[in-house]
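Please open the model in your viewer and keep the sequence panel beside it. The tour goes from a pocket to a sheet and then to a single strand with its partners.

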Amino acid sequence: MMADLYQAQRAMRQMRKQALQRGVVAILDVGSSKTACLVLRFDGSTPSGEDGEIGSLAGQSGFRVVGAATTRSRGVQFGEITAMQETERAIRTAVQAAQKMANVRVDHVIASFSGARPRSYGLDAQIETNGQTVSEQDIARVLAACEVPEYGAGREVLHAQPVNFALDHRSGLSDPRGQIGQSLTVDMHMLTVEAAAIQNLVHCVKRCDLELAGIASSAYVAGISAMVEDEQELGAACVDMGGGSTGVSIFMKKHMIYADSVRMGGDHVTGDISMGLGVPMATAERIKTFYGGVHATGIDDRDMIEIGGETGDWELDRRTVSRAELIGIMRPRVEEILEEVRARLDAAGFEYLPSQQIVLTGGASQIPGLDLLASRILGQQVRLGRPLRVHGLPQAVTGPAFASAVGLALFAAHPQDEWWDFEMPVDSYPARSLRRAVRWFRENW
Amino acid sequence: MRPLGRASDPAPSRLSYRIQRWLLTPGVRLFLRAGVPFAVVFGLVSAYMADEDRRDGFNLAIDGIVRSVQERPEFMVNMMAIDGAGRSVSQDIREVVPLDFPISSFDLDLAAIRDTVVGLDPVKDASVRIRPGGVLEVDVTERVPFLVWRTRDGIELLDETGAHVSFLEARSDRPDLPLIAGDGAELHVQQAMAVLAAAEPLRDRVRGLVRVGQRRWDLVLDRDQKILLPEDNPVQALERVLTLSDAYEMLERDVAQVDMRLGQRPTLRMSQAALESWWQIKQLTTGGQ
């Protein structure tokens with residue numbers, strides 16, 4: 001079963017290499033409220049590193065955003081695709097507009113989505129190295145030796161990243177190759193999601209005549225772009241408050257060690273407003289973005305908001321509501337989301353990390369006063385995060401709602417080592433493998 | 001499936017999406033940006049130019065434009081001025097450079113004109129340029145005749161390099177110039193000049209120089225006297241003769257030839273009459289012994 005995973009992921013990695021060689025790749029963030037597409041152009045000016053096989057596709061770091069487009073997505077709920085046609089149209093719209101802006105055709109797309117019930121697993125394994133120094137083969141062997149838990153049928157591994165290596169009694173090694181030791185231990189973080197969500201996304205992308213060159217969890221990529229380097233190093237949590245779901249990812253030593261998602265987001269706040277005030281969703285969304293908040297003050301009682309209507313009934317169309325009432329509707333839902341996030345962080349053991357920094361990002365994090373509310377629920381060290389400024393990014397897509405899109409661009413340029421980036425160890429190849437024969441031949445002659 | 005009251009869909013249709021992607025393909029873009037305009041322009045031009053009359057008309061129009069620029073008064077040349085040449089030479093130049101003035105300076109090939117002018121015998125060097133004001137100026141340096149060379153074919157004038165200047169009707173046309181003769185004489189004009197310069201004391205008596213056997217000179221004086229000069233250093237030999245002549249008045253006497261061909265042994269030949277009279281005198285003095 002692991003071999004299948006290897007094949008699929010390696011095929012995707014191969015596709016990504018091709019895309020980087022061609023120099024143009026599209027980033028697609030399929031969210032519940034919007035679908036964003038960025039077109040990246042890699043200049044590839046710096047030469048690739050000496051080990052081109054594995055590693056972070058070194059040397060392909062210089063990229064520039066040449067096209068960006070956003071469209072409303074209709075067929076996505078809770079970060080999962082529920083209406084294939086609608087999602088396909090949304091992807092088509094976004095890709096076409098971004099292509100038009102970039103004035104270049106893109107064939108390869110790297111996608112991210114937020115839902116599909118991610119589940120984190122920590123794996124570890126220990127082997128005895130046969131030689132003096134740790135070789136590539138040893139790393140492949142120790143990764144292969146990891147006991148893969150029974151994560152259930154109908155789920156797929158999305159990320160499997162070696163987080164930490166330990167050699168004898170020295171821990172915290174990021175790259176043990178070439179070092180001398182006897183027993184090699186690896187800690188690995190594996191993230192599984194529902195296979196159906198991936199399949200739907202793959203199908204939608206394929207229907208748009210695009211090749212999928214990579215998939216990432218949006219909680220992970222939002223963490224890459226919204227957190228600064230020392231937060232990633234010392235340990236911090238990123239809360240990506242999207243439209244339909246809220247992603248939680250914990251980073252430590254620049255590796256993701258935990259990810260989860262809460263199936264609530266800004267759309268639910270809008271839904272509450274819509275139901276509570278009896279207005280259409282579009283009006284509720286407008287009221288939320290213009291007048292929303294989570295802290296009511298005395299003046300908010302006198303701040304009356306026209307909520308309007310188009311029925312023709314004068315009484316109904318001239319309704320007003322005070323801002324305090326609006327806040328009264330929004331706040332419980334936001335609190336509920338944050339409580340849920342708190343529960344996920346507690347379940348992950350976030351309080352045992354040395355640093356308790358929490359970064360709020362995503363479209364729903366723009367509610368005024370959210371940081372105060374969040375610090376009351378999540379702890380004192382809360383800040384609002386915006387995505388990193390990357391080259392050529394238009395002003396319109398620098399807001400926190402684009403944290404995962406920008407993070408995906410960074411991920412495309414600097415992918416972390418995944419399990420499948422290493423060679424599969426010899427003994428786990430299928431018996432009839434031709435490569436095994438070649439390898440045997442090479443080693444014995 | 002389809003919910004009630006759908007909003008208008010901004011999404012492109014599959015067809016327009018595909019067409020747009022196809023148009024963004026690099027090859028297609030290149031074709032559309034370069035290939036199609038080129039083909040259209042090429043096609044239109046070839047269709048227009050397919051007709052013979054149009055082609056001619058086009059060429060005529062181009063020609064007319066070119067001419068209208070070239071024949072502006074600023075570019076016209078109205079006359080030819082020849083400097084540094086005598087009347088006959090300028091006559092010759094005007095003959096060999098037949099130009100219909102006024103003529104555009106674009107139509108003048110100055111290098112060719114210069115070559116033609118320099119090709120004339122009496123012209124040593126020439127420079128041709130167009131002076132402001134529409135004057136074609138030909139600066140000619142004429143060859144100066146230094147010698148008269150008598151050959152079997154006629155009498156020629158030679159300059160100091162031995163180059164032909166012109167023919168003479170008669171020697172008496174240029175009595176001021178010295179005369180040389182003989183085959184190959186024109187190749188050693190410098191030497192001849194040196195010899196003649198050395199013969200300056202005999203100036204009144206010199207008739208000319210004769211090249212003998214294409215290798216050496218004879219200086220011919222009047223009264224049928226000849227001085228045979230050697231191949232090498234003829235000037236010094238002549239100077240020796242002149243010194244002797246000064247001392248003994250040798251050339252005043254009845255000597256037919258002074259042979260200086262062998263430097264160690266200058267030889268005199270007396271004239272026939274002198275010889276006979278010398279014999280008579282000898283007979284008288286020796287009494288016929």
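Begin by selecting Gln232(A), Lys253(A), Lys254(A), His255(A) and Gln416(A), which lie nearest the centre of the second largest pocket, out of 31 residues that line it. This is a predicted model, in which local features need pLDDT of at least 70 and side-chain atom pairs count only at pLDDT 80 or more, while totals for chains, interfaces and linings use all residues. Residues are numbered from 1 along each chain as its sequence is written, chains are lettered from A and ligands numbered from 1 in the order in which they are written, and side-chain values use heavy atoms, with hydrogens and water left out.

A pocket here is an open set of points on a 1 Å grid over the protein atoms alone, where a 1.4 Å probe fits, with protein on both sides within 12 Å along at least five of seven lines; lining residues have an atom within 4 Å of a point. The second largest pocket holds about 810 Å³ of space, a volume being the space filled by probe spheres set on the points, which are joined across faces, edges and corners. Its lining divides into 16 nonpolar, eight polar and seven charged residues, where Ala, Val, Leu, Ile, Met, Phe, Trp, Tyr, Cys and Pro count as nonpolar, Asp, Glu, Lys and Arg as charged, and the others, Gly among them, as polar. Strand E8(A) gives the most to this lining, with four residues; helices (H or I, at least four residues) and strands (E, at least two) are DSSP runs, numbered from the N terminus.

Next, select the open sheet of five strands, which has the order E3-E2-E1-E6-E11 (chain A) with mixed pairing, two strands being paired if DSSP finds at least two bridges between them. Its edge strands are E3 (63-72) and E11 (211-217) of chain A. Nine bridges join E2 (residues 34-42) of chain A to E3(A) in the antiparallel sense, and within this pair Leu38(A) stands opposite Ala68(A).

Finally, select strand E12 (residues 236-241) of chain A: six of its six residues are buried, so it is largely enclosed by the rest of the structure, buried meaning under 20% relative accessible area with a 1.4 Å probe and protein chains only. Ala236(A), Cys238(A) and Asp240(A) point one way from E12(A), whereas Ala237(A), Val239(A) and Met241(A) point the other way. Which residue stands opposite Val239(A) in E13(A)? It is Val248(A), and E12(A) and E13(A) form a hairpin with four residues between them. E12(A) also pairs with strand E17 (residues 357-361) of chain A, in the parallel sense over five bridges.

How values were computed:
Buried < 20%, exposed > 50% of the residue type's maximum accessible area, 1.4 Å probe, protein only.
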